[in-house]
Amino acid sequence: MFRTDLRWWGFCALALCLITASAPTRAQLRVEVTGVGSNQTPIAIAQFQVDGGPAPQDVDDIIRADLTRSGVFRMIDTGNTPIPESARVDLGDWKSKGADAVVVGSVAKLADGRFDVRFRLYDAVKQQQIDGLSYLSSAAELRLNSHRIADRIYEKLTGVRGVFATRIAYVVQLSKTSFELQISDADGANAQTALRSREPIMSPSWAPDGIRLAYVSFETAKPVVYIHTLTTGERKAIANFRGSNSAPAWSPDGKMLAVALSRDGPTSIYTMNSDGSGLKRITNSGAIDTEPFFSADGKSIYFTSDRGGGPQIYRMDPSGGNVQRVTFNGDYNVSPRLSPDGHTLVYVSRRNNKFQVQSLDLASGQEVGLTDTVLDESPSFAPNGRLLLYATEVNGRGVLASASTDARVHTRLTGPNGDVREPTWGPFIK
Amino acid sequence: MTHRTQLQSLFIAAAAIAILAGCASTPLDENKAPVAEKSAPPPAPTPPPAPDTRAVQRVDTAPTQIDPLTDPNGTLAKRSVFFDFDRFDVKAEFQPLVEAHGRYLSSMKQRRVVIEGNADERGSREYNLALGQKRADAVKSRLTLLGATDSQIETISYGEERPRATGHDESSWAQNRRADIVYK
């Protein structure tokens with residue numbers, strides 16, 4: 001049966017405000033899938049029927065691209081004939097064409113200019129409908145709602161929440177004196193500029209609310225940590241002490257930040273409340289301690305330290321106690337990021353003069369290289385833990401790439417200009 | 001024609017004199033008449049010649065202090081210290097350079113410097129920021145050993161954000177693993 005979920009409408013309204021308040025799309029990233037997963041579910045996504053006038057977004061194209069990028073689906077050719085949501089679908093026929101799942105849908109332009117987007121998801125093996133939904137969508141919301149449909153399909157078929165409707169933040173350097181902090185959809189499309197500066201910007205970090213970012217800006221000729229509210233453009237320098245202020249990381253409840261400061265000597269880790277009060281130094285090794293990252297349960301902070309000679313990953317309590325070394329392979333391990341379930345640590349490691357993202361299973365100690373590039377930086381987990389976003393270099397230019405956490409699927413997001421770097425995957429929006 | 005031109009010139013000259021005569025605009029004629037009468041026989045006080053608009057008057061500033069800092073051939077002209085990968089120890093070849101700046105700062109307590117640490121592009125930007133800071137701090141501690149004071153020196157880091165060389169090879173990286181002594 002068809003059901004229109006009212007909660008989604010609320011989100012659509014909010015999303016509409018966000019999208020219409022912002023600048024038009026610029027510097028869109030292009031997605032190239034460069035690897036192939038195993039055990040992919042074959043899925044047929046028919047062209048959606050468009051009625052009442054052209055739609056500004058190709059809804060079924062966006063859904064297909066999202067599901068392809070996840071690495072867990074293989075697209076079955078559906079030809080060029082649209083199949084409306086209301087059509088009777090011959091699931092036996094689709095099964096014989098190799099599809100385990102079938103998606104059909106319609107995009108109808110309404111008299112008030114909005115679009116009624118409907119889809120149905122069928123299980124061709126069990127011969128039954130497993131999902132169906134209608135979204136009333138403004139033109140500006142169509143892309144977001146396409147991502148939401150992809151999320152529902154992904155979740156119905158894998159049991160894991162989809163991340164296609166989430167957003168990413170990254171830094172683009174357009175020239176020697178032009179830096180932008182951009183926010184885009186998780187597929188790199190719909191990029192919007194949150195901050196433009198003549199000086200470098202680095203280390204963006206999403207607050208758990210998905211609306212605020214902390215980052216480092218050199219706009220005052222030194223590194224200072226700011227908190228920036230995307231919806232209003234409001235900014236506040238949260239750490240601006242003597243020396244370097246950098247590496248902001250939010251606690252999972254959004255109440256605290258960990259930062260790296262050199263105000264008292266060597267770069268050390270401090271915690272503070274998110275309003276800037278309550279500064280507390282939690283490392284005092286005499287060596288470099290930086291890149292703090294909270295575990296999702298808030299009980300640990302992972303960080304980089306060269307206290308043992310070269311940089312390695314360590315773990316400690318948020319109070320600074322109970323420090324343990326975590327990485328032992330190689331002499332250069334930096335940029336720790338813990339998976340949302342706390343089981344897997346990823347970091348950049350130097351091996352044979354290549355800087356590559358490694359994945360460490362914390363229980364077994366098994367380490368796996370996730371990439372085949374040589375200058376990787378800034379790995380970041382998708383909020384469902386299934387994909388990783390990172391920066392790397394191709395032909396001397398910074399690009400964003402993603403990899404499945406099983407290392408089987410690699411995707412590259414390339415923009416038309418500029419050096420792209422410092423990607424960080426935003427949270428699920430509740 | 002000629003007559004007219006002369007008249008014109010006269011008029012312009014008069015106007016010019018009026019302008020050059022200065023600020024007063026009203027009682028000039030009344031005052032001028034009696035003065036002219038008193039000194040009638042000698043050549044009438046000729047108006048000051050119109051200044052040569054192409055003249056160049058040389059001005060010498062006060063003699064400059066001899067500052068070894070400005071000697072392009074001196075050791076102090078060298079202001080960059082280079083480092084090895086993931087290292088922040090000042091190598092022996094840069095000791096004379098650092099010592100020269102330390103002695104200079106020690107003798108010129110009013111001078112201030114900012115030491116800017118940098119790193120090559122490889123690895124983590126945050127770790128490189130911290131590494132650049134350590135490089136700057138390493139140079140600072142050398143300078144203070146030689147008599148420069150803490151208040152003369154500020155250290156900051158740009159990490160890998162402001163590369164001097166933008167290539168992606170060892171020769172570029174070597175140039176970017178650097179601390180610069182910047183006089184303010």
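This is a predicted model: local features need pLDDT of at least 70, side-chain atom pairs count only at pLDDT 80 or more; totals for chains, interfaces and linings use all residues.
Good morning. A residue is counted as buried here if 20 or more other C-beta atoms lie within 10 Å of its own. By that criterion, 28% of the 184 residues of chain B are buried.

Among the contacts in chain B with a separation of 6 or more, 72% are between residues 24 or more positions apart.

Helix α3, residues 95–107, and helix α4, residues 125–145, have axes that come within 8 Å and cross at roughly 55°. The crossing of α3(B) over α4(B) is right-handed. On the α3(B) side, the residues involved are B:V98, B:H101, B:G102 and B:L105, and they meet B:V139, B:R142, B:L143 and B:L145 in α4(B). Sorted by class, this contact has five nonpolar, two polar and one charged residues.

I turn now to chain A. The chain is divided into domain 1, spanning 35–158, and domain 2, spanning 167–425. The C-alpha centres of these two domains of chain A are 35 Å apart.

Helix α2, residues 59–70, packs against helix α4, residues 142–158, at an angle of about 45°, and their axes are 9 Å apart. The pair α2(A) and α4(A) is therefore oblique as well, and α2(A) passes α4(A) in a right-handed crossing. From α2(A), the contact draws on A:V59, A:I62, A:I63, A:D66, A:L67 and A:S70, while α4(A) contributes residues including A:L142, A:R143, A:I149, A:I153 and A:Y154. The class count for the contact of α2(A) with α4(A) is nine nonpolar, three polar and two charged residues.

Two individual residues of chain A follow. The loop between β27 (377–381) and β28 (387–394) of chain A holds A:P383. Is A:P383 buried or exposed? It counts as buried, because 21 C-beta neighbours lie inside 10 Å and the threshold is 20. Setting aside residues up to four places away in sequence, A:P383 touches A:V163, A:T166, A:P340, A:W425, A:P427 and A:F428. Its C-alpha atom is separated by 30 Å from that of A:V125, a residue 258 positions away along the chain.

The second residue, A:G330, is placed in the loop between β22 (324–325) and β23 of chain A. With 17 other C-beta atoms within 10 Å, A:G330 is partly exposed. Beyond its neighbours within four places in sequence, A:G330 is in contact with A:S349, A:R350 and A:R351. For A:G330 and A:S349, 19 residues apart in sequence, the C-alpha to C-alpha distance is 7.1 Å.

Finally, the interface. How many residues of chain A are in contact with chain B? There are 31, and they are in contact with 18 residues of chain B. On the chain A side, the elements giving two or more residues are β11 (201–206), β15 (245–250), β19 (289–294), β23 (333–338) and β24 (344–351). By class, that side of chain A has 14 nonpolar, eleven polar and six charged residues. Thank you.

Note on methods:
Residues are numbered from 1 along each chain as its sequence is written. Chains are lettered from A and ligands numbered from 1 in the order in which they are written. Two residues are in contact if their C-beta atoms, placed from the backbone, lie within 7 Å. Helices (H or I, at least four residues) and strands (E, at least two) are DSSP runs, numbered from the N terminus. Ala, Val, Leu, Ile, Met, Phe, Trp, Tyr, Cys and Pro count as nonpolar, Asp, Glu, Lys and Arg as charged, and the others, Gly among them, as polar. A residue is buried if 20 or more other C-beta atoms lie within 10 Å of its own, exposed if 12 or fewer, and partly exposed in between; C-beta atoms are placed from the backbone. Domain bounds come from an automatic or database domain assignment. Axes are lines fitted to C-alpha atoms, for helices over the stretch in contact, and angles run from 0 to 180 degrees between N-to-C directions. Angles under 35 degrees count as roughly parallel, over 145 as roughly antiparallel, 65 to 115 as roughly perpendicular and the rest as oblique. A crossing is left-handed if the near helix is turned anticlockwise from the far one by less than a right angle, and right-handed if clockwise.
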